[in-house]
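Here's a quick briefing for anyone opening this one for the first time.

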Amino acid sequence: MTESTKNATLTIDGNSYDLPIYSPTTGPDVIDIRKLYSSAGVFTYDPGFTSTASCDSTITFIDGDKGELLHRGYPIDQLASKSHYLEVCYLLLYGALPTAAELEDFEGTITRHTMIHEQMHNFFRGFRRDAHPMATMVGVVGAMSAFYQDSSDIADPRQREIASHRMVAKMPTIAAMAYKYSIGQPFVYPRNDLDYASNFLHMCFSVPAEEYVVDPILARAMDRIFTLHADHEQNASTSTVRLASSSGANPFACIAAGIACLWGPAHGGANQACLEMLKEIGTPDRIPEYIARAKDKDDPFRLMGFGHRVYKNFDPRATVMKQSADEVLDLLGIENNPILQVAKELEAAALADPYFADKKLFPNVDFYSGIILEAMGLPTSMFTPIFAVSRTVGWISQWKEQFDDPQQKIGRPRQLYLGETERNYVDVENR
Ligand code: CMC
């Protein structure tokens, strides 16, 4: 925490309260209201935390007006084009780009943690075949607490580190197994001679009868999807992980909580919802109908893959994703893909519409990612699990950071109570 350099003064009923202001390295100042209740007897009110900073962090910075996303200071477009996912994982976890030796060591560690406890296979078999892979992932990741008790003691920094490595390493295995189970195919073990993204594709598409030859361009596209989703500061699922962890819960339980939160269509579930929407629209001539529905206050429909709580200019991840969609479809020889056509025309129509311009609604990372994943052969139900695989390192980095923050305490928001005041219980026969 930096020193306070200035104060804000709040006046309530003629009494003034000085509140310290802290300046970040970049971004808006924050007003420290921690002592407000004890000094003034009032709470602040901010449903959805639109103006509330919940912690200090040095991991990720977003400037929503400029469309800027930095991890440890490095712009996402540079990381997406010059780096790769495991290097970004190291950067997020440890704060600096690794040397060649550090990277080799880290990659070796992650690679050697990719298998899961054999007995965990039984867990998958307990689920119905038609279970959504996210449902399976929430359950199986939570169950890791029961299998990896030797890295569940959060008071031990070494155990915390092993838990971090285990989660980054095992998440692709768990997601791929959830997929294989849902289509009735045998589980495919990880291969340590493959890089992170290639190994994931291998575990999804290989079958005992036929080895899957990973196309390096598809592996690169998958790696880029992982990189673009790696972290996004204090979003809903990350805040969920931090809140769960603030009670002292074990790391596997905290990440399972993050996966559950990510599943919702307003968050990580948007990539599945977006592709389903694009398919439902089907042809460009139906775009005006859907734009009209998105603008209609009486219709709950929203353009999926559009809008963001923080980005109010453009989502820099969407720019890279759109480029990647073109490259992947080109590579696969998919010309004139009707869904990509609908996506591009929908984007153009929405951007030209004053409703979306006035509300600063732009395509987000999920608008084009589904098109790439579908072209690779993945079903829509796997889109959010892939987001969960990618975001695991972000959750873990933020979880890890929380332990080094002396100011962290259990998360416990207050409320504006609008219910009944005290009243006497009425016996059932008198109601
Ligand atoms: N389509 C139509 N109208 C929209 C949309 C949309 N996609 N998004 C926001 N609006 C309108 C909304 O109706 C509201 O209008 P008004 O001010 O007249 O009431 C205004 O824009 C502000 O919306 P909000 O819901 O107050 O904004 P928010 O910051 O709470 O929500 C959001 C952000 C991402 C949840 C929202 O834009 C949304 O639901 N988008 C669709 C789902 C989606 O694509 N989510 C993925 C987000 S990026 C990946 C991730 O972080 O997981």
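In helix 9, Ile 217, Leu 218, Ala 221, Arg 224, Ile 225 and Leu 228 meet a set of residues in helix 14: Arg 317, Val 320, Met 321, Ser 324, Glu 327, Val 328 and Leu 331. "Meet" here is contact, that is, heavy atoms within 4.5 Å. Keep in mind that this is a predicted model: local features need pLDDT of at least 70, side-chain atom pairs count only at pLDDT 80 or more, and totals for chains, interfaces and linings use all residues. Residues are numbered from 1 along each chain as its sequence is written, and side-chain values use heavy atoms, with hydrogens and water left out.

**Helix 9 and helix 14**
- Helix 9 and helix 14 (residues 316–331) have axes 10 Å apart and pack at an angle of about 165 degrees (axes are lines fitted to C-alpha atoms, for helices over the stretch in contact, and angles run from 0 to 180 degrees between N-to-C directions).
- Because of that angle, helix 9 is roughly antiparallel to helix 14 (under 35 degrees counts as roughly parallel, over 145 as roughly antiparallel, 65 to 115 as roughly perpendicular and the rest as oblique).
- Helix 9 passes helix 14 in a left-handed crossing (left-handed if the near helix is turned anticlockwise from the far one by less than a right angle, right-handed if clockwise).
- As for the numbering, helices (H or I, at least four residues) and strands (E, at least two) are DSSP runs counted from the N terminus.

**Helix 3 and helix 7**
- The axes of helix 3 (residues 85–94) and helix 7 (residues 157–182) come within 13 Å, crossing at roughly 155 degrees.
- So helix 3 runs roughly antiparallel to helix 7.
- The crossing of helix 3 past helix 7 is right-handed.
- On the helix 3 side are Leu 86, Cys 89, Leu 93 and Tyr 94, which meet Glu 161, Ser 164, His 165 and Val 168 in helix 7.

**Helix 12 and helix 18**
- Helix 12 (residues 270–281) packs against helix 18 (residues 383–403) at about 150 degrees, with their axes 7 Å apart.
- Helix 12 and helix 18 make a right-handed crossing.
- Asn 271, Gln 272 and Leu 275 in helix 12 meet Phe 383, Thr 384 and Phe 387 in helix 18.
- This contact divides into three nonpolar, three polar and no charged residues.

**Cavity and pocket**
- The largest cavity has a volume of about 60 Å³ (on a 1 Å grid over the protein atoms alone, a cavity is a set of points where a 1.4 Å probe fits but cannot get out, and a pocket is an open set with protein on both sides within 12 Å along at least five of seven lines; lining residues have an atom within 4 Å of a point).
- Volume is the space filled by probe spheres set on the points, with grid points joined across faces, edges and corners.
- Residues lining the largest cavity include Met 115, His 121 and Phe 187.
- The second largest pocket holds about 310 Å³ of space.

Definitions and conventions
Nonpolar A, V, L, I, M, F, W, Y, C, P; charged D, E, K, R; others polar.
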